[in-house]
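Work through the exercises below with the model open. Try each task before reading its solution.

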Amino acid sequence: MSIHLVGSATSKVEYIEVNSLGGNIESTDDLAGRARTQATTISLDPHETQLLNQYCRKVDLRILSYAILLCILNQSDRGSIGVAKLVGLESDLHMVKNDFNIATTLFTVGYLSLEMFSNFILKRVGASRLLPTLGVLWGLVCALQGVIQTKTQLFVMRVLLGMAECGFTAGILLILSFFYPKHKLTTRTGLFYLSSPLANVVSGPLASALSHIHHPYVKRWQWVFIIEGVITILVALLGYFVLQDHPEKCRFLSEEEKRFIVKYKRRDGTLGGSQHLSFSDTRRALSDWQLWCMTFATFSFCAACASVSVFAPEVINDLGFTSAQAQAMSALPSACGAVAILLAGRTVRACGSHWLACSLALLTALVGSVLMVATLNIPVRILGLCLLGAGGFSGLGTSPGWNITANSQTVANSAVAAAMTVFMGSASGFVASNVFLNSDAPRFVIGHTVNVGLMALGILACVVTRLSMGRRNKRFARQPPEFDNGFRFAY
């Protein structure tokens, strides 16, 4: 594989990957539909190409792998309440009517309370200190859920769990944008979000096994919370030794690799790790309606994923399966989602654009929701759940990376795009937590109908974003050369 940098007289840079095996050329400028300009080619020599590949392997093995592992535990701890519900949580805590929905909603309240400020804190404290600390905190809160005695205590712990997890995903997305070049970021972001369906695949059978532990004093649902929380704390402590703040001060890189990647990312326009994040720049980025529009698609994707992660065991259980069978079978829609995330990059290349790939993923989830509404036939509803999982998680393999790379004008834009991606995704929890009501079982018409509407609105958001970016790129292209910094929105 060889890498070419294509730059104009105004320092515009385009990245092209050449696959030596198939001879295919993947251009982010072609995929994004940017305006074409006259350009000269500056090729990386073999040594520089080797340095880039060596650098990415190191970051993949250390930072990305650890981020995926901790995120699997993050998603598992968050969704463990769905399994606990099936093994006695509601009856032991005397929960009635929609108390369970209130508990899941309160998690989102806690999560969103500090989300928009998280990346400000990360820039000042450093990812290597903040993110492991958050892992220890939410692991502790998750374990403490196993000793509660009343539903009021559960409500408080869910708020605290949301506050403890707040900032983790946005922080990971931001440091990935610090470490990876622009043309590598979308793939790595997709791999990071692969942890979400993997968590469901692993946690379903794991929680099913934990729920079979019999103890005279500790209930089955308490074991689910306690053991998963302790595992998270142990893994989070490793983060103090693994995570790094940005490439310029990364301990596992050689001095040559540091010099190379700093120069490379400065040319890429994504050297944001050591740059100052000002409030005025952040406020300006937050006022862009286009960013809110494109992240609404993420809202829709996450609503679909939340439906699978938290409520799939209940939906399957109400189809006539036992609690143990429902916990194990809930891994199937997430397994489809994991495959869909792995294929997300190929989908983008096949579609030739991110917006179209996102639209197709939303359409897949929409069809799944329609099937869930239309019938109580068990095979068809299982198929509907699988389509819902495939569409939702496929979007997580495309949408977050698109949000960040398309808004990489400044470090403020990247930071706000990362925070907005997580904020909108988390806000979808309000919807998922309050539309799958016990009184609506077993069809859950309200929940799945709401999902149909959200998927349709998400497709509309992708189309509007595409049209807006096209118009803005044309306006950029008409600027005098001395004012054109080469940035174009990637769609």
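**Exercise 1. List the buried residues of α7, then find what they pack against.**

Step 1. Apply the burial cut-off: buried is under 20% relative accessible area, exposed is over 50%, and partly exposed lies in between (1.4 Å probe, protein chains only). In α7 this selects L154, F155, M157, R158, L161, G162, A164 and E165.

Step 2. The model is predicted: local features need pLDDT of at least 70, side-chain atom pairs count only at pLDDT 80 or more, and totals for chains, interfaces and linings use all residues. Residues are numbered from 1 along each chain as its sequence is written, and side-chain values use heavy atoms, without hydrogens and water.

Step 3. Search for packing partners, with contact meaning heavy atoms within 4.5 Å. The buried residues of α7 pack against α2 (46–86), α3 (89–92), α4 (99–113), α6 (127–144) and α8 (168–179). Helices here are DSSP runs (H or I, at least four residues), numbered from the N terminus.

**Exercise 2. Compare the span of α7 with the expected value, then inspect what follows the helix.**

Step 1. The expected span is 1.5 Å times one less than the number of residues. Helix α7 covers residues 151–165, which is 15 residues.

Step 2. From first C-alpha to last, α7 reaches 21 Å, close to the expected 21 Å.

Step 3. α7 is followed by G167, with a positive phi near 95°.

**Exercise 3. Which parts of the chain do the salt bridges K58–E257 and D92–K219 link?**

Step 1. K58 and E257 meet at 3.0 Å, N to O. K58 lies in helix α2 and E257 in helix α12 (residues 255–268), so the bridge ties together parts 199 residues apart in sequence. E257 is buried, at 0% relative accessible area.

Step 2. D92 and K219 meet at 3.7 Å, N to O. D92 is in helix α3; K219 is in the loop between α10 (195–210) and α11 (220–242), 127 residues away.

Step 3. D92 is partly exposed at 29%. K219 is partly exposed at 41%.

Definitions and conventions. Helix = DSSP H or I, 4+ residues; strand = E, 2+ residues; numbered from the N terminus. Salt bridge = Lys/Arg side-chain N within 4 Å of Asp/Glu carboxyl O.
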